[in-house]
Amino acid sequence: MSKTFQRLKKRDSYLFDINIHEDALSNRLAGYLRDELESELISVDTEYNRHGDQLKKYGLEGRSAVVDIVVHSRGNDDLNLFAIESKKINASQDDYNKINALVDHEFNYRFGVVLEYFSGRAEIFRRNENGLIVSEEIRL
């Protein structure tokens, strides 16, 4: 992830310079992830809102989950590698709640990432050996 983010910052520095919308940055980042990870089994999708063929919903209130970038196997949970929720500067509690729900057992993503483009900060979430969700902050 760090290598891909550095590629984004280097190749698309102009987008950072003009303070472009986060969707444009996510689209570029997804393209670089496609170059590195996509295969017959693994897809990289943006603005993905499906769990199988149903709308992706989480939490007690059934909030809709549209995820900025997912690296997964479409249509099943066998290879849900990671989900990225991205913001230009400050992620909200809703972003963290969504990523935690995706890493939890229902959706089975191995990792969740809350990424802040302009601060170069990411928080990586995963389930530990006891099934609890833990996180680690990294600088990109």
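Buried means under 20% relative accessible area, exposed over 50%, and partly exposed in between, using a 1.4 Å probe on protein chains only. This is a predicted model, where local features need pLDDT of at least 70 and side-chain atom pairs count only at pLDDT 80 or more, while totals for chains, interfaces and linings use all residues. Residues are numbered from 1 along each chain as its sequence is written, and side-chain values use heavy atoms, with hydrogens and water left out.

**Aromatic pairs**

- The structure holds 4 aromatic pairs. Rings of Phe, Tyr and Trp (its six-membered ring) pair if their centres lie within 6.5 Å; planes under 30 degrees apart count as stacked, over 60 as edge-to-face and the rest as tilted.
- Phe5 and Phe16 are edge-to-face, because their ring centres lie 6.5 Å apart and their planes stand at 85°.
- Phe5 sits in helix H1 (residues 2-11) and Phe16 in helix H2 (residues 13-17), so this pair ties together parts 11 residues apart in sequence. Helices (H or I, at least four residues) and strands (E, at least two) are DSSP runs, numbered from the N terminus.
- Phe5 is buried, at a relative accessible area of 0%. Phe16 is buried too, at 13%.
- Tyr96 and Phe125 also pair edge-to-face, with 6.0 Å centre to centre and 70° between the planes.
- Tyr96 belongs to helix H4 (residues 93-103) and Phe125 to strand S9 (residues 121-127), so the pair ties together parts 29 residues apart in sequence.
- Tyr96 is buried, with a relative accessible area of 15%. Phe125 is buried, with 6%.
- Ring pairs join Phe5, Phe16, Tyr117 and Phe118 in a cluster.

**Helix H3**

- H3 (residues 22-37) has 16 residues. From first C-alpha to last it reaches 22 Å, close to the 22 Å expected at 1.5 Å a residue. The expected span is 1.5 Å times one less than the number of residues.
- Its buried residues are Glu22, Leu25, Ser26, Leu29, Ala30, Tyr32 and Leu33.
- Seen down the axis of H3, these residues fall within an arc of 165°, so they line one face of the helix. The arc is that of the directions from the helix axis to the C-beta atoms.
- The cover over them includes H1, H2, strand S1 (43-48) and strand S6 (67-72).

**Thr4**

- Thr4 lies in helix H1 and is buried, with a relative accessible area of 1%.
- Beyond its neighbours within four places in sequence, Thr4 is in contact (heavy atoms within 4.5 Å) with Leu29, Tyr32, Leu33 and Glu36.
- A polar contact of 3.0 Å joins the side chains of Thr4 and Glu36. Such a contact is a pair of N or O atoms within 3.5 Å; within protein, one must be able to donate a hydrogen and the other to accept it, and residues adjacent in sequence count only if both atoms are side-chain atoms.
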